[in-house]
Amino acid sequence: MSTTERPVPRWAYRLAHLIPFMVLPSGLWRLGLVFGSSMGMLDADGNATRLAGAGGKVYVVSLTIFSELVALTALGMVSRWGEVAPRWIPLIGGRRVHPYAAIIPATLGGLSLIALWTYAFRDAYTDHFIPFANAGWKVLMLACYAPLNLWGPALLVLTWAYYRRRVSAPAVVVSTR
């Protein structure tokens with residue numbers, strides 16, 4: 001599967017590769033806005049909302065790309081480049097990555113994602129959410145964004161596996177004979 005110092009559990013390898021796909025549906029939904037669809041959202045007057053101007057479109061595309069790139073960093077938890085910095089990186093290239101240099105940001109990131117998406121979804125299943133033209137549009141939006149609620153917990157579980165693999169010392173068996 002990879003060339004890491006210690007073997008990566010198969011479930012962790014699969015989870016790391018699944019995380020970018022948790023982020024992808026929301027990005028595709030946002031791209032619908034960039035290409036001119038209202039995605040069923042309505043403004044306060046009941047009219048279809050559209051992304052206005054090039055600035056809004058650049059922002060949405062940038063947010064989508066950035067989100068996916070951040071999600072792809074989860075692969076570092078199960079890859080060689082999560083243990084030894086790639087040679088092309090200035091100053092640290094080729095050096096061993098201290099485990100806590102990955103564990104601390106990943107833990108903070110996972111907790112931040114849980115807080116962010118818990119707050120973002122606080123009204124998702126009430127009448128105080130974004131107004132939509134009909135229930136189908138709301139269901140589509142929720143289906144695209146719901147996987148983001150799994151991103152934080154998945155990253156924390158993956159970070160725990162990385163910690164166990166990189167920091168936890170193997171058990172030493174002492175013979176009493």
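At what angle do α1 and α4 pack, and how far apart are their axes?

## Helices α1 and α4

In this predicted model, α1 and α4 pack at an angle of about 140 degrees, and their axes lie 7 Å apart. Because angles over 145 degrees count as roughly antiparallel, the angle of about 140 degrees makes α1 oblique to α4.

On the α1 side, the contact is made by Pro25, Ser26, Trp29 and Arg30. On the α4 side, Leu140, Met141, Cys144 and Tyr145 take part. Sorted by class, the contact of α1 with α4 has 6 nonpolar residues, 1 polar residue and 1 charged residue.

## Helices α1 and α5

Helix α1 covers residues 10–34 and helix α5 covers residues 148–166. These helices pack at an angle of about 160 degrees, with 9 Å between their axes. That angle makes α1 roughly antiparallel to α5. The crossing in which α1 passes α5 is left-handed.

From α1, the residues that make this contact are Trp11, Ala12, Leu15, Ala16, Ile19, Met22, Val23 and Ser26. From α5, they are Leu148, Leu150, Trp151, Ala154, Leu155, Val157, Leu158, Trp160 and Ala161. By class, the contact of α1 with α5 has 16 nonpolar residues, 1 polar residue and no charged residues. Ser26 of α1 takes part in the contact with α5, and Ser26 is also listed in the contact of α1 with α4.

Several of the contact residues in these helices are spaced three or four places along the chain. An α-helix has 3.6 residues a turn, so residues three or four places apart point the same way.

The 19 residues of α5 should span 27 Å at 1.5 Å a residue.

Which residues of α5 are buried? They are Leu148, Trp151, Gly152, Ala154, Leu155, Leu158, Thr159, Ala161, Tyr162, Arg165 and Arg166. The list includes the arginines Arg165 and Arg166. The buried residues of α5 pack against α1, α2 (53–72), α3 (99–120) and α4 (135–145).

## Helices α3 and α5

The axes of α3 and α5 come within 8 Å and cross at roughly 160 degrees. Helix α3 is therefore roughly antiparallel to α5. The crossing of these helices is left-handed. The residues of the contact of α3 with α5 divide into 16 nonpolar, 7 polar and 1 charged.

Trp117 lies in helix α3 and is buried, with a relative accessible area of 14%. Not counting residues up to four places away in sequence, Trp117 touches Tyr145, Leu148, Asn149 and Trp151. Trp117 and Trp151 are 34 residues apart in sequence, while their C-alpha atoms are 9.1 Å apart in space. Ile114 also lies in helix α3, but Ile114 counts as partly exposed at 31% relative accessibility. With neighbours within four places in sequence left aside, Ile114 is in contact with Gly152, Pro153 and Leu156. Gly152 is one of the buried residues of α5.

## Residues in the loops

Ala124 lies in the loop between α3 and α4. Is Ala124 buried or exposed? At 0% relative accessibility, Ala124 counts as buried. Apart from neighbours within four places in sequence, Ala124 is in contact with Phe129, Lys138 and Leu142. Ala124 and Ala146 are 22 residues apart in sequence and 9.9 Å apart in space, C-alpha to C-alpha.

Met39, found in the loop between α1 and α2, has phi near 55 degrees, a positive value in a residue other than glycine. Met39 counts as buried at 9% relative accessibility. Leu91, placed in the loop between α2 and α3, has a positive phi of about 70 degrees although it is not a glycine. At 79% relative accessibility, Leu91 counts as exposed. Met39 is thus buried, whereas Leu91 is exposed.

Key: Residues are numbered from 1 along each chain as its sequence is written. This is a predicted model: local features need pLDDT of at least 70, side-chain atom pairs count only at pLDDT 80 or more; totals for chains, interfaces and linings use all residues. Side-chain values use heavy atoms; hydrogens and water are left out. Axes are lines fitted to C-alpha atoms, for helices over the stretch in contact, and angles run from 0 to 180 degrees between N-to-C directions. Helices (H or I, at least four residues) and strands (E, at least two) are DSSP runs, numbered from the N terminus. Angles under 35 degrees count as roughly parallel, over 145 as roughly antiparallel, 65 to 115 as roughly perpendicular and the rest as oblique. A crossing is left-handed if the near helix is turned anticlockwise from the far one by less than a right angle, and right-handed if clockwise. Contact means heavy atoms within 4.5 Å. Ala, Val, Leu, Ile, Met, Phe, Trp, Tyr, Cys and Pro count as nonpolar, Asp, Glu, Lys and Arg as charged, and the others, Gly among them, as polar. The expected span of a helix is 1.5 Å times one less than its number of residues. Buried means under 20% relative accessible area, exposed over 50%, partly exposed in between (1.4 Å probe, protein chains only).
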